[in-house]
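I opened the model to look up a few residues and then the chain as a whole. My entries follow in the order I made them.

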Amino acid sequence: MTLKIIASQCTSCSACEPECPNVAISEKNGTFVIDPKKCTECLGHFDEPQCAAVCPVDNTCVIDNAYPRYQLPA
């Protein structure tokens with residue numbers, strides 16, 4: 001799974017963008033979005049997704065069940 005940002009809850013504070021080790025977060029139309037092709041849930045970098053850790057609004061960066069869980073390369 002990858003993470004997604006709930007657009008209706010995003011305050012566009014930009015706290016998440018510089019924290020993403022995969023450069024998966026960008027701004028579009030005044031809110032931030034996560035590119036599911038780049039998101040690894042911060043596996044291999046941190047113990048928890050950094051977008052969720054730094055977001056000031058609870059439950060804004062959440063798991064997107066539409067995508068399979070990221071697997072670290074063997």
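I looked up Y67 and found a relative accessibility of 36%, so Y67 counts as partly exposed (buried is under 20% relative accessible area, exposed over 50%, partly exposed in between, with a 1.4 Å probe and protein chains only). I note that this is a predicted model: local features need pLDDT of at least 70, side-chain atom pairs count only at pLDDT 80 or more, and totals for chains, interfaces and linings use all residues. Residues are numbered from 1 along each chain as its sequence is written, and side-chain values use heavy atoms, with hydrogens and water left out.

I placed Y67 in the segment after β4 (61-64); strands (E, at least two residues) and helices (H or I, at least four) are DSSP runs, numbered from the N terminus. I listed M1, T2 and P36 as its contacts, leaving aside neighbours within four places in sequence; contact means heavy atoms within 4.5 Å. I also checked Y67 against K37, 30 residues apart along the chain, and their C-alpha atoms are separated by 9.3 Å.

I found T31 in strand β3. Is T31 buried or exposed? T31 is buried, at a relative accessible area of 17%. Beyond four places in sequence, T31 touches A7, C10, S12 and S26.

I looked for the largest nonpolar core and counted 12 residues, among them L3, I5, F32, I34 and C51. Such a core is a set of buried Ala, Val, Leu, Ile, Met, Phe, Trp, Tyr and Cys residues joined through side-chain atoms within 4.5 Å. The elements that give two or more residues to this core are β1 (2-5) and β3 (31-34). I then took L3 and, not counting residues up to four places away, found that L3 touches I34, C39, E41, P49, C51, C61, V62, I63 and D64.

I read the order of elements from the N terminus as β-β-β-α-β. The radius of gyration, taken over C-alpha atoms, is 11 Å, close to the 11 Å that the globule rule (2.2 Å times the number of residues to the power 0.38) gives for 74 residues, so the chain is as compact as a globular protein of that length. The C-alpha atoms fill a box of roughly 35 × 20 × 20 Å along the principal axes. I noted that 28% of the 74 residues count as buried. Of the contacts with a separation of 6 or more, 63% join residues 24 or more positions apart.
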